[in-house]
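I opened this notebook to keep track of what I looked up in one structure.

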Amino acid sequence: MSLITDQDGLKALTERLSKAPYITVDTEFMRDNSYYSKLCLIQVADQDGAFAIDPLSPDLDLEPFYDLLFDPLVIKVFHACRQDMEIFFHAKGRLPAPIFDTQVAAMVCGFGDSAGYETLVKQIVGQSLDKTARFTDWSRRPLSDRQLTYALGDVTHLRVIYEKLRDSLAKNGREGWVAEEMNILTSPDTYRLDPVNAWERIKFRSGTPRFIARLQALARWREELAQARDIPRSRVAKDDVLLEIAAHPPAQIEALDQVRGLSRGFHASNPGAALWDALQEAQAIPEQELPKKPHSPRPSQKTPAIADLLKVLLKCRCEDAGVAHKLVASGADIDEIARNAHAPVPAMTGWRYELFGRDAQALREGAIALTAHGNHIEIVEIEPANDSA
């Protein structure tokens, strides 16, 4: 097996790969006991060979590999790259570019909403994957031949998939569509984990502005501590603990020890003191500066009936174009468009607008209609009424 564990081997490999027009890349990582993903293996291939790089080797500095990732002359091909990109971003503060994500390209080229790698290998390459090593512990050494065979399969078949999808995009003229999506995937904002926004991932039904202020402060405290110690958020405190403290803030710091989910003596620890400080800061916010409740439709605010027609229109346009529905508009996007013809959602910008958004506005304004002919739905233009008649 081609496993790179030393600096000379990595240097020779990256020099070779830097001459390729594209390389395929994948990673194996663990995140069970850490905040950030722990990079355990890197798989990479050019048109003639596939290799695994061991980032856990004590004799390896990955800098030459990162130089390759940032090389503007080499296309980096991934499948469903968000987690890989997040790892590289937090390791180096930069993102690989240029990139090509075969999952996005497959959704643009008619392979449906769930364009999984295994599905593409079957449909495009005509082979099946051995997934028996899927749940292996990639941090343990030594790696077996079975593990390496499995891992390298994620970049060898990717070569054929990339070339087929690249050629399809050139034929159907949708290269620009995929390029728009790659701009999102190569934006640092996609991967920043700002503690200020950490409260948004916590689910709660309702609360006063003061409750929300406390929850924001507590979530920020947890996020900062989890990042600093590189441990999962739940190891700091679970969501229900934060919600309980935000809803029923203790009057004295010692009372933190009585909160279910916090350890005895927690109030005397550094994290306990930091939590208390965060809570007191939230309590001291003037009434006029308290955060507003997050906007959400009231139960009585029913989604307009036009939303159902918009869903039919979306399905019709996507089936005609051979594009995955989920890539164009989500159910929440449809509801927003139903309420506002100029809703600030992705479906109303770029290639999505050309494919669906413009027609969605026209349908709302009565400029087009949907008609059925058997099982087929057609979009027809409606002539404006003649006022002089």
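My entries on this chain follow below.

**Entry 1: the whole chain**

I note at the start that this is a predicted model. I began with the overall make-up. The protein chain has 15 helices and eight strands. I looked up its extent next. Along the principal axes, the C-alpha atoms fill a box of roughly 80 × 65 × 35 Å. Then I checked burial. Of the 389 residues in the protein chain, 45% are buried. I also looked at contacts between residues at least 6 apart in sequence, and 63% of these join residues at least 24 apart.

**Entry 2: helix H1**

Which residues of helix H1 are buried? I found Gly9, Leu10, Leu13, Thr14 and Leu17 in this helix, which runs over residues 7–17. They sit on the same side of H1, because they cover an arc of only 125° around the axis. I turned to the other side of H1 and found Asp8 and Lys11 exposed there.

What covers the buried residues of H1? I list strand S1 (3–4), strand S2 (22–30), strand S3 (38–45) and strand S4 (50–53) among the covering elements. Helix H2 (63–69) is also included.

I then looked at the N-terminal end of H1, which is capped by Asp6. A side-chain oxygen of Asp6 lies 3.2 Å from the backbone nitrogen of Asp8.

**Entry 3: aromatic rings**

I looked up how many aromatic pairs the structure holds, and the number is 14. Trp199 is buried, with a relative accessible area of 13%. Phe204 has 22% relative accessibility and counts as partly exposed.

Ring pairs link Phe65, Tyr66, Phe70, Phe78 and Phe88. One of these rings has a charge over it: the charged end of Arg94 sits over the ring of Phe70, 4.0 Å from the ring centre.

**Entry 4: Gln147**

Is Gln147 buried or exposed? I found 8% relative accessibility, so Gln147 counts as buried. Its place is in helix H6, residues 145–172. I followed the side chain of Gln147 and saw that it reaches the backbone nitrogen of Ser144 at 2.8 Å. I then left out residues up to four places away in sequence and looked for what Gln147 touches. The list is Ala133, Thr136, Asp137, Trp138 and Pro142.

**Entry 5: the annotated span**

**Entry 6: Arg339**

My last stop was Arg339, which lies in helix H14, residues 331–339. Arg339 is partly exposed, with a relative accessible area of 27%. How far apart are Arg339 and Pro304 in sequence and in space? I noted 35 residues in sequence and 6.7 Å in space, C-alpha to C-alpha.

Technical notes: Residues numbered from 1 in each chain as written. Predicted model: local features only at pLDDT ≥ 70, side-chain atom pairs only at ≥ 80, totals over all residues. Heavy atoms only, no water. Helix = DSSP H or I, 4+ residues; strand = E, 2+ residues; numbered from the N terminus. Buried < 20%, exposed > 50% of the residue type's maximum accessible area, 1.4 Å probe, protein only. Polar contact = N/O pair within 3.5 Å; in protein donor to acceptor, adjacent residues only side chain to side chain. Contact = heavy atoms within 4.5 Å. Arc of directions from axis to C-beta. Phe/Tyr/Trp six-rings, centres within 6.5 Å; stacked < 30°, edge-to-face > 60°. Lys NZ or Arg CZ within 6 Å of the ring centre and 35° of its normal.
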